[in-house]
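Please read it beside the sequence and the coordinates.

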Amino acid sequence: MTPESWLFRNSFLPSREAPASLKPSDVRIGLCLLTRNAAFTLGRHLLLLQHGWPGGNAPWSEILVADLGSTDSTLEIAREHGAVVLEPEERLAATLEPAADGDGLRRALAATDSDILLVVPSDLIRLDVASIATMIRSLLDDPAIKLCMGASQVDGGPLSALGTRPILAAIQPELAVVIDPTTPLLALRTTGIRHLPLARTAGYECALVVDCRAEYDLDSLAQVRVPTLEWEVSDPRLDPVRAFKTFVALLEALRRTGHISTTRELGHLFPSPKEWGELGPRLVTSLEVFPWTTE
Amino acid sequence: MLTIPEASSRPGYWLGLTRLEADVPRIVAQAVQLAEIPSPTGAEEARAAAVKDLFAEALGMARIDQAGNVAAVLAGAPGRPGTVILAPLDSWYESIDQPHIQVRPDRLTGPGIAGQSIALAVQVALARTLRERPVQGLGDIWFIATVGSEMSGDLRGICHLFPWLPTVADRVICLQGPGLGRLDHWSVGTYRGELAVWAPGGHCWRDVGRPNALRLAMDFSRRMESVPKPGTPRTLYNPAQLESGDAWNTLPSKAVLRFELRSDGETELQKLIREAQIAAAELCKGLSGCRAELSQRGFRHATGLFLDHPLVIGTREAQSWAGLVPRLGASSSDASVCLHYGVAAVTIGLASVVGLETQMESLYLDSLPVGLRQAYAVLVQVAGRNDP
């Protein structure tokens, strides 16, 4: 598939009919909310996504809340709404370290038995039901699609427009047609994504796009234009640390897929003084791309 | 009007109530969604479209009339009298780009959630419930969401329904979010006036002695304050807005005073209106270059149902049965127009609310089930009546 035909076939606008078209079927659709101190927004998402679905029948076969180290009432709210809570393995460390979205998704993928998983960062203030339903619809309609991205804004936002897209355009040009490769709003086919390498940190999304393309083809990707994402505080992608992690994860994915070469894994170029083990410098929580040693 | 024992013995009553009570999360979710569609008075189209979709989903069909009201009907048993249930479409704010409603475990907070949106969501839920779990022997029920119910709308939505409304129903229930246990059976007589005063203007120092439009408007207000007002029936004058002036050192050449006269009694209201007209007429007497004009911006008669009216008795009974203590009162809402045209109408509240008509308007969720129970019981009582 050429990038031009991909834009034509795999780029969608939200459809108002999409929510009502998602009826319970053999395909199990799960919802995964990534949370960290999301007491302000989580109850709202759970309420609207469960009970505010047009037609009254929300499509979720399961609702997972993958926590990234909350210290407020996030988990209580999740349980009150009947969600399955996936707590971080090392709770204390998770509360102290920066949020590790990729690790949350990894846990969700391990726990879910859904065929399709909608991944939503819960610090979004609003969710457009038509858009997320269209994302899911694209996966239902085309078995080749493994990952559908919710592309925010015309240019995808500063991190995508000024950071990752130019890198992709230079190194892997066919992916330059992806509007918003850093979008945290994703719908994915669990069987197709589960075995792919996944950066544990925040900013894993762009690397996942590269890995998905490498494993399958361009037609494994799709994008849906979503209304501008509104965040509780500010767009986390504007955080320089997260942007840094995004770039490292992206470069690592490009290295892993053979588009660039370095003598060692990229993560080791940026050692953290926090952990200096017997095997040399290693980033554990602030920057870890999995699997490090897969060649 | 059925009594509660009669209503609750109708086949389907308890199944419907159970269904409605189980629907609370969906009602709350839809209230949030509706509240987040900005709907200031005069620009209700987007929310009206959403409400129309919800009614179409619940009842199969809904329409928007020329005024912008959304109407849907649940056909009942032939030969039974009809009932109208109303809820307001417009919110109190003048312009908010994108209202945001906070959802907390115990409450919802945000502009418009408690005043209007919860009433709309409950109205839709009642339609859905009675369609899916019909109660035997009810007449036609018209579900109408009205535009222009707030101050600047001057009830234009409900006014548009006349003279059609009395041809399909002679009982009206108005749903409002705030005021659990509230039973408004009386329409507060209201006159909304706008006094515009013009004066020659000039410089405050150089042209000293010339009339001042702002001062004249304040004189009018002072005079209205000094008019004796009885405590019973309750009567008041409220100066609401005053616009005037251009610069620090000028004599204002124009002033606009907006005010409201309210009374539970029609005679007292008319007396007060007369006083306002005389005061406006006398305001500029003997002042060269000055002019005052009083315009009516809204009017509602002081009228209502007496306590022995079957609709009041039945509603009180339903509220008591639901576990509420009925609080009889008067208000100025869509019911005012119905009462004026001789159609029996009451207004009931659905939930406990704080901070009404502020950005932090909050609705307490634990109060909603009892409010729902009350609304359902009243509706079945009224729609199930045999008497025309």
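## An enclosed helix in chain A

A residue is called buried when its relative accessible area is under 20%. The model discussed here is a predicted one. In helix H10 (residues 205-215) of chain A, nine of the eleven residues are buried, so the helix is largely enclosed by the rest of the structure.

Eight strands of chain A form an open sheet with mixed pairing, and their order is S1-S8-S6-S7-S5-S2-S3-S4. Strand S1 (11-12) and strand S4 (84-86) stand at the edges with a single partner strand each, and therefore one side of each has no neighbour in the sheet. Strands of a sheet pair through backbone hydrogen bonds, in either a parallel or an antiparallel manner. S6(A) and S8(A) pair in the parallel sense over six bridges, and in S8(A) the bridge partner of A:Leu147 is A:Leu221.

Another parallel pairing, over seven bridges, joins S2(A) to strand S3 (residues 60-67) of chain A, where A:Ile29 has A:Trp60 of S3(A) as its bridge partner. Is strand S2 (residues 29-35) of chain A largely enclosed or left open? Seven of its seven residues are buried, so S2 is largely enclosed by the rest of the structure. Both faces of S2(A) are covered, with A:Ile29, A:Leu31, A:Leu33 and A:Thr35 buried on one side and A:Gly30, A:Cys32 and A:Leu34 buried on the other.

## A buried serine in a loop of chain A

A:Ser114 is placed in the loop between helix H6 (101-111) and strand S5 (116-121) of chain A. With a relative accessible area of 2%, A:Ser114 falls under the 20% cut-off and therefore counts as buried. Its side chain makes a polar contact of 2.7 Å with the side chain of A:Glu62, and a polar contact of 3.4 Å joins the side chains of A:Ser114 and A:Ser61. Once neighbours within four places in sequence are left aside, A:Ser114 is in contact with A:Arg28, A:Ile29, A:Gly30, A:Ser61, A:Glu62 and A:Thr190.

## Nonpolar cores

The largest nonpolar core has 96 residues, and those with the most contacts inside it are B:Phe55, B:Leu126, B:Phe143 and B:Leu175. Helix H5 (residues 113-132) of chain B gives the most to this core, contributing twelve residues. Apart from it lies another core, of 39 residues, among them A:Ala18, A:Trp53, A:Trp60 and A:Leu185.

Not counting residues up to four places away in sequence, B:Phe55 touches B:Gly60, B:Met61, B:Ala62, B:Val70, B:Ala72, B:Gln123, B:Val124, B:Ala127 and B:Phe143.

## Aromatic pairs and charges over rings

Over all chains, a search of the whole structure finds 13 aromatic pairs. The rings of A:Trp53 and A:Trp60 have centres 5.4 Å apart and planes at 75 degrees, so this pair is edge-to-face; A:Trp53 and A:Trp60 are both buried. B:Phe55 and B:Phe143 form a tilted pair, at 6.0 Å centre to centre and with 35 degrees between the planes. Because B:Phe55 lies in helix H4 (residues 45-59) and B:Phe143 in strand S6 (residues 141-146) of chain B, the pair ties together parts that are 88 residues apart in sequence. B:Phe55 and B:Phe143 are also both buried.

One aromatic cluster is formed by B:Tyr13, B:Trp14, B:Trp321 and B:Tyr376. As for charges over rings, A:Lys146 lies over the face of A:Tyr216, at 4.8 Å from the ring centre, and the charged end of B:Arg291 sits over the ring of B:Trp198, 4.2 Å from its centre.

## A buried serine in a strand of chain B

B:Ser187 belongs to strand S8 (residues 182-187) of chain B, and at 1% relative accessibility B:Ser187 counts as buried. Leaving aside neighbours within four places in sequence, B:Ser187 is in contact with B:Arg300, B:His301, B:Ala302, B:Thr303, B:Gly304, B:Ser331, B:Ser336 and B:Leu339.

Notes:
Residues numbered from 1 in each chain as written. Chains lettered and ligands numbered in written order. Predicted model: local features only at pLDDT ≥ 70, side-chain atom pairs only at ≥ 80, totals over all residues. Heavy atoms only, no water. Helix = DSSP H or I, 4+ residues; strand = E, 2+ residues; numbered from the N terminus. Buried < 20%, exposed > 50% of the residue type's maximum accessible area, 1.4 Å probe, protein only. Polar contact = N/O pair within 3.5 Å; in protein donor to acceptor, adjacent residues only side chain to side chain. Contact = heavy atoms within 4.5 Å. Core = buried A, V, L, I, M, F, W, Y, C linked by side-chain atoms within 4.5 Å. Phe/Tyr/Trp six-rings, centres within 6.5 Å; stacked < 30°, edge-to-face > 60°. Lys NZ or Arg CZ within 6 Å of the ring centre and 35° of its normal. Pairing = 2+ DSSP bridges.
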